[in-house]
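Here are some notes to read alongside the model. They start with the charged pairs and then move on to a pair of helices.

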Amino acid sequence: MARTQEEIIKDLRDVECRLSPENLHCDGEISRAQANQKRIKLEKQQRELVKELGRKPTDAELWNNQ
């Protein structure tokens with residue numbers, strides 16, 4: 001069963017938040033290499049979600065419907 005746009009956008013919003021510098025670097029608690037590994041994994045997940053959605057969501061879709 002296909003997921004709704006809202007579900008996919010919710011997951012994209014979560015990934016975007018996790019890609020913020022504070023979250024990505026765990027407030028300086030992890031090494032740059034660990035942060036890069038984390039970023040690569042999150043960006044892959046982001047690409048998969050955009051592919052599932054079929055398009056890049058707008059900023060308004062990501063942030064105005066919270």
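1. First, a term: a salt bridge here is a side-chain nitrogen of Lys or Arg within 4 Å of a carboxyl oxygen of Asp or Glu. Side chains of opposite charge can pair when their charged atoms come close. By the salt-bridge rule, the count comes to six.

2. Before going on, a word on what you're looking at. This is a predicted model, in which local features need pLDDT of at least 70 and side-chain atom pairs count only at pLDDT 80 or more, while totals for chains, interfaces and linings use all residues. Residues are numbered from 1 along each chain as its sequence is written, and side-chain values use heavy atoms, with hydrogens and water left out.

3. Take D11 and R3: they form a salt bridge, and their closest N and O atoms are 2.6 Å apart. D11 has 25% relative accessibility, so it counts as partly exposed (buried is under 20% relative accessible area, exposed is over 50%, partly exposed lies in between, with a 1.4 Å probe and protein chains only). R3 is partly exposed too, at 33%.

4. Next, D14 and R18. Their side chains meet in a salt bridge at 3.1 Å, N to O. Both residues sit in helix α1, four residues apart, which is about one turn of the helix. (Helices are DSSP runs of H or I with at least four residues; strands are E runs of at least two; both are numbered from the N terminus.) D14 is partly exposed at 38% relative accessibility, and R18 is partly exposed at 33%.

5. Another pair is E61 and R55, with closest N and O atoms 2.8 Å apart in their salt bridge. R55 has a relative accessible area of 33%, so it's partly exposed. As for networks, salt bridges that share partners join R3, D11 and E52 into one.

6. Now the helices. How do α1 and α3 run relative to each other? The axes of α1 (residues 5-18) and α3 (residues 32-53) come within 10 Å and cross at roughly 160°; axes are lines fitted to C-alpha atoms over the stretch in contact, with angles from 0 to 180 degrees between N-to-C directions. The two are therefore roughly antiparallel, the label for angles over 145 degrees.

7. Who makes the contact (heavy atoms within 4.5 Å)? On the α1 side the residues include I8, L12 and D11, and on the α3 side they include L42, L49 and E52.

Note on methods. Parallel < 35°, antiparallel > 145°, perpendicular 65-115°, else oblique. Contact = heavy atoms within 4.5 Å.
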